[in-house]
Amino acid sequence: MSRFLLFLAALLLLTGWKGGGEPPHVKRALPTADVIIDAGHGGIDSGTHWNDVLEKDINLAVSRKLYLLLRSHGFKVILNRTGDYALSDDNRWHVTRSRHRRDLSQRRGLSDEIGATVFVSIHVNWSKRSKRGPLVIHQAEGRSAILASFIQNSLNQQQNRHRLPQVANKFYLLNRVQVPSVIVETAFLNDPGDRAMLTSVPGQNRLAAAIANGIIGYLSFSP
């Protein structure tokens, strides 16, 4: 049974449903969130890598720190991956041979089930050319563009960069999530300076703080 189905079964028990008659309105029993944090990749899907440094591990470390920071400011936050596992393993409803597509649709499914204000997906970038710094990718939609601008500006200040956010064109996740959504490419793993930041606890703390400041700025601007 998937983690979500186990969670749903627990909710039904908590609401007192014994299995007879109509079940309670589950949608009202599900939690709501100000922010869903999507820790990119996981399990068999390691994302990009540098030797034995794996993107999935950095994503999870930064996402955990971001979760704690936002919670400390009183926001309702859900982190969709708390360990090293693939979300595609929980997906039994999307009939496709593509594990990657099942993974993405499972991430989208969480945002569909839970009433969230924003969806923020954490990733690490890579380039064969010499590139560094953050990049925030957003839906082709006004609120997402504003969210991306807040986070991009905060990360630019943290890393002394001057990049602009980029609108999504062929990102399955951003094209299907129904709330304002962004993909945060925190830095480039191929760049030595960025890599040192991505793999150190102080560097991860600074990244999480910058992303949190951007999210808080957006939520304050557009509650």
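A: This is a predicted model, with a mean pLDDT of 81 for the protein and 72% of the residues at 70 or more. Confidence is highest in H7, at 98, and lowest in helix H2 (residues 26-29), where the mean is 47. Residues 22-28 have pLDDT below 50, and this stretch makes 11 contacts in the model beyond near neighbours in sequence. Another stretch, residues 88-109, also stays under 50; the model has 41 contacts for it beyond four places in sequence.

Now the aromatic pairs. The whole structure contains two of them. One is formed by Trp50 and Trp126, a tilted pair with 6.1 Å from centre to centre and 40° between the planes. Trp50 belongs to strand S2 (residues 49-50) and Trp126 to the loop between S5 and strand S6 (135-138), so the pair ties together parts 76 residues apart in sequence. Trp50 is partly exposed, at 32% relative accessibility, and Trp126 is partly exposed as well, at 36%.

The other pair joins Phe150 and Phe221 and is also tilted, with centres 5.7 Å apart and 45° between the planes. Because Phe150 lies in helix H5 and Phe221 in helix H8, this pair ties together parts that are 71 residues apart in sequence. Phe150 is partly exposed, with a relative accessibility of 29%, whereas Phe221 is exposed, at 54%.

As for the nonpolar packing, the largest core holds 35 residues. Val35, Leu66, Leu70, Ile151, Val184, Ile211 and Ile215 have the most contacts inside this core. Two or more residues each come from strand S1 (32-39), helix H3 (55-72), strand S4 (77-79), strand S5 (115-125), helix H5 (142-159), strand S8 (181-188), helix H7 (192-198) and helix H8 (201-221). H8 gives the most, with nine residues.

Leaving aside residues up to four places away in sequence, Ile151 touches Val136, Val182, Val184, Ile211, Gly214 and Ile215. In soluble globular proteins, nonpolar side chains tend to be buried together.

Technical notes
Residues numbered from 1 in each chain as written. Predicted model: local features only at pLDDT ≥ 70, side-chain atom pairs only at ≥ 80, totals over all residues. Heavy atoms only, no water. Core = buried A, V, L, I, M, F, W, Y, C linked by side-chain atoms within 4.5 Å. Buried < 20%, exposed > 50% of the residue type's maximum accessible area, 1.4 Å probe, protein only. Helix = DSSP H or I, 4+ residues; strand = E, 2+ residues; numbered from the N terminus. Contact = heavy atoms within 4.5 Å. pLDDT = per-residue confidence, 0-100. Phe/Tyr/Trp six-rings, centres within 6.5 Å; stacked < 30°, edge-to-face > 60°.
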